[in-house]
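Me: Could you take a close look at one strand for me, and tell me how it is covered and what it pairs with?

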Amino acid sequence: MNGDSVECWLTDMDGVLVRENDALPGAAELLEQWRRQDFPYLVLTNNSIFTARDLSARLRHSGLVVPEDRIWTSALATATFLAGQIDHEHNAQGSCYVVGEAGLTTALHEAGFIMTETDPDFVVVGETRNYSFEAITKAVRLINSGARFILTNPDATGPSPEGVLPATGAIAALITKATGRDPYVVGKPNPMMFRSALNHLGAHSMQTAMIGDRMDTDIVAGMEAGMHTILVLSGLSDRASIAEYPFRPNRIIDGVHELLDEPLGADDDVDPRGSA
């Protein structure tokens, strides 16, 4: 597939459309271009803390108009995946013990799951800023008792103004060490997240492009899902780092402003950090 045959778009959020709370050059215009041309699209994120409504509001404050039904999180992907794992003939509802925030619990509730600490079908670990020893201990004991271990995403660290924070992958490593059980990871780089997004849109991978800023998540998962892949250099990757991987994106651009039908005007400043 080449870029001219793209009929549907998936895009990462941080490093592609926004950097922290600031919209990146061309992001607002690209979203409007997709809306105007009636392209199906989803904004993807591995962050499971927030609901799609929360993230839509966050993006609006950054000057980006993204309806909540155009946002697909690892929490939504996890809830969709788990809903397909329940034997509905013998279980009226599935059950979960959750270590996570509202984005994850809301997605699971809306998928029909019951939250419980008693004999759950699944222990689901997601992003949270309030990990507790008690919650992790409960997760370990429930997994040892037979609950299936699910992780929303594998990111070991997350950013903060003060430096990195331990994230989902780091907490999962602790639980794995205590139980001897590895989790099933739904979020990027598992192409399962992209396939659930495509199913949500009713789209086919052969006509879909994935825009991301990370070779080790966005690009490899997009490639394995059979999509056209576009790496932007406005986030975590630079040209030197591409050589570290045995695969390549279909296209490399400095930022999403290069995907506009009409280039940004001379008065529109392109953030020079986009070519870092």
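Reply: Happy to! A residue counts as buried at under 20% relative accessible area, as exposed at over 50%, and as partly exposed in between (1.4 Å probe, protein chains only). Helices (H or I, at least four residues) and strands (E, at least two) are DSSP runs, numbered from the N terminus. This is a predicted model, in which local features need pLDDT of at least 70 and side-chain atom pairs count only at pLDDT 80 or more, while totals for chains, interfaces and linings use all residues. Residues are numbered from 1 along each chain as its sequence is written, and side-chain values use heavy atoms, with hydrogens and water left out.

Now to strand 4, which spans residues 41–45 and is mostly covered, with five of its five residues buried. The cover extends to both faces: Tyr 41, Val 43 and Thr 45 are buried on one side, and Leu 42 and Leu 44 are buried on the other.

As for pairing, two strands pair if DSSP finds at least two bridges between them. Strand 1 (residues 8–12) runs parallel to strand 4 and is joined to it by four bridges. Strand 5 (residues 71–73) is also parallel to strand 4, and three bridges link these two.

Thr 11 stands opposite Val 43 of strand 4, and in strand 5 the bridge partner of Val 43 is Ile 71. Val 43 itself is buried, on the side of strand 4 that holds Tyr 41 and Thr 45.
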